[in-house]
Amino acid sequence: MAALLPSTLSIQKESKAIAIKETSLFGAALPTSLKAEFSPCFHKELRKKLSIGPIKAQTAATTPAVNQPSEKKTLRKGTAIITGASSGLGLATAKSLAETGKWHVIMACRNFLKAEKAAKSAGIPKENYTVMHLDLASLESVRQFVDTFRRSGRPLDVLVCNAAVYLPTAKEPTFTADGFELSVGTNHLGHFLLSRLLLDDLKQSDYPQRRLIIVGSITGNTNTLAGNVPPKANLGDLRGLAGGLNGVGSSSMIDGGEFDGAKAYKDSKVCNMLTMQEFHRRFHEETGVSFASLYPGCIAETGLFREHIPLFRLLFPPFQKYITKGYVSEDEAGKRLAQVVSDPSLSKSGVYWSWNKNSSSFENQLSKEASDAEKARKLWEVSEKLVGLA
């Protein structure tokens, strides 16, 4: 009687063979050494000898469903909004991302026609970008942009706050539609409102890695040689910002001092880097969104310097190329920013990224002011009031 019954070991071997074969039907290749042993002929003969019927699919059916949810998440393109994408670093980043075929870039720009022409001239595939109007110097425009983007039905996976105004030779301040000094009003307050409003969209994304990136600058870091070139960034006690930066009831400068166009830009970059860190402290653990800033290198030939004196524009590029060796092309800088957007190895939150001369990324150190947690908190609260979120 016992001789007629299959041993427990034989049944286990049969079950193992069938499970492995069923798994192989969904793309898991069998080892070469097992192909003969688990062939269809062997199955048929073994079942005949053991006098057992067809194997039920309960065990096998669970195997192919394991990875389906994550696979679905990676099927679609990621969506990245890049402000100021009609030229310079923003355009180079948009091109670098779009050319991979894995991203759809929303080029958020003040000049719609300029952005369209720039995208075509750069050879960005039409199916991989959309131009949408955004004027960061108008809080109403920021709100309209957010509404328009949401009505498009697209998810949001990455927001890159890149656009900037730089007026180094200005003797008198100019102002945004809401009455703020233009450099800080655009570079900081416009981006602050945009980031706050779109944070909910980033939270809802099902993309594997969601990021909010704010472009910083070495010129705002006083722990560097470039950051010590006068006028140096200094936010003081934020009295000018708290007063509205309107140049009437208060100073047009964050620290309450006399207007200086070059310093206004540097101050706005300190604000950008402080804002990134405050986002990280307030929202990273809750949302899983990564917040980062970066300095992609010295882009000495860029439209950002169009308001500078002609002699500076002539001499600065060769100085960076041959003296400091810090020169970086727009194309290379765009690839670096694209890394911070999409590279899994650069997903750490709360980091200020930089690159060495070998083009390797590393976590850089911010200056004492640009990493002041208490100042970041105060900047956040004052900025909320100015943009109408408090």
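Modeller: What follows takes a few labels in turn and sets each against its cut-off; the model is predicted.

Colleague: What makes L238 count as buried?

Modeller: The relative accessible area of L238 is 1%. Buried means under 20%, so L238 is called buried. L238 sits in the loop between β5 and α10 (239-242).

Colleague: Which residues is L238 in contact with, apart from neighbours within four places in sequence?

Modeller: They are I254, K375, K378 and L379. A contact here requires heavy atoms within 4.5 Å.

Colleague: Next, E181. How do you know that E181 has no salt bridge?

Modeller: The nearest side chain of opposite charge is K263, 9.9 Å away. A salt bridge needs a side-chain nitrogen of Lys or Arg within 4 Å of a carboxyl oxygen of Asp or Glu, so E181, which is buried, has none.

Colleague: What does the side chain of E181 reach?

Modeller: It reaches the backbone nitrogen of S183 at 3.0 Å and the backbone nitrogen of V184, also at 3.0 Å. The cut-off for a polar contact is 3.5 Å, so both pairs fall within the distance limit.

Colleague: Where is E181 placed, and which residues does E181 touch beyond four places in sequence?

Modeller: E181 is in the loop between β4 (158-161) and α9 (182-204). The residues touched are P173, T174, F175, T176, L245, S252, F259 and A264.

Colleague: Now the sheet. In what order do the strands lie?

Modeller: The open sheet has 8 strands in the order β3-β2-β1-β4-β5-β6-β7-β8, with mixed pairing.

Colleague: Why are β3 and β8 said to stand at the edges?

Modeller: β3 (129-133) and β8 (361-363) each have a single partner strand, so one side of each is without a neighbour in the sheet. On average, neighbouring strands are turned by 25° against each other, direction ignored.

Colleague: What makes β1 and β2 a pair?

Modeller: Pairing takes at least two bridges. Strand β1 (residues 78-83) and strand β2 (residues 103-109) are joined by 6 bridges, so they pair, and they run parallel. A80 stands opposite V105 in β2.

Colleague: Which strands does helix α6 touch?

Modeller: Helix α6 (residues 88-98) packs on the sheet and touches β1, β2 and β5 (211-215). The direction of α6 makes about 160° with that of β2.

Notes:
Residues numbered from 1 in each chain as written. Predicted model: local features only at pLDDT ≥ 70, side-chain atom pairs only at ≥ 80, totals over all residues. Heavy atoms only, no water. Helix = DSSP H or I, 4+ residues; strand = E, 2+ residues; numbered from the N terminus. Buried < 20%, exposed > 50% of the residue type's maximum accessible area, 1.4 Å probe, protein only. Lys, Arg positive; Asp, Glu negative; His and termini not counted. Polar contact = N/O pair within 3.5 Å; in protein donor to acceptor, adjacent residues only side chain to side chain. Axes fitted to C-alpha atoms, helices over the stretch in contact; angles between N-to-C directions.
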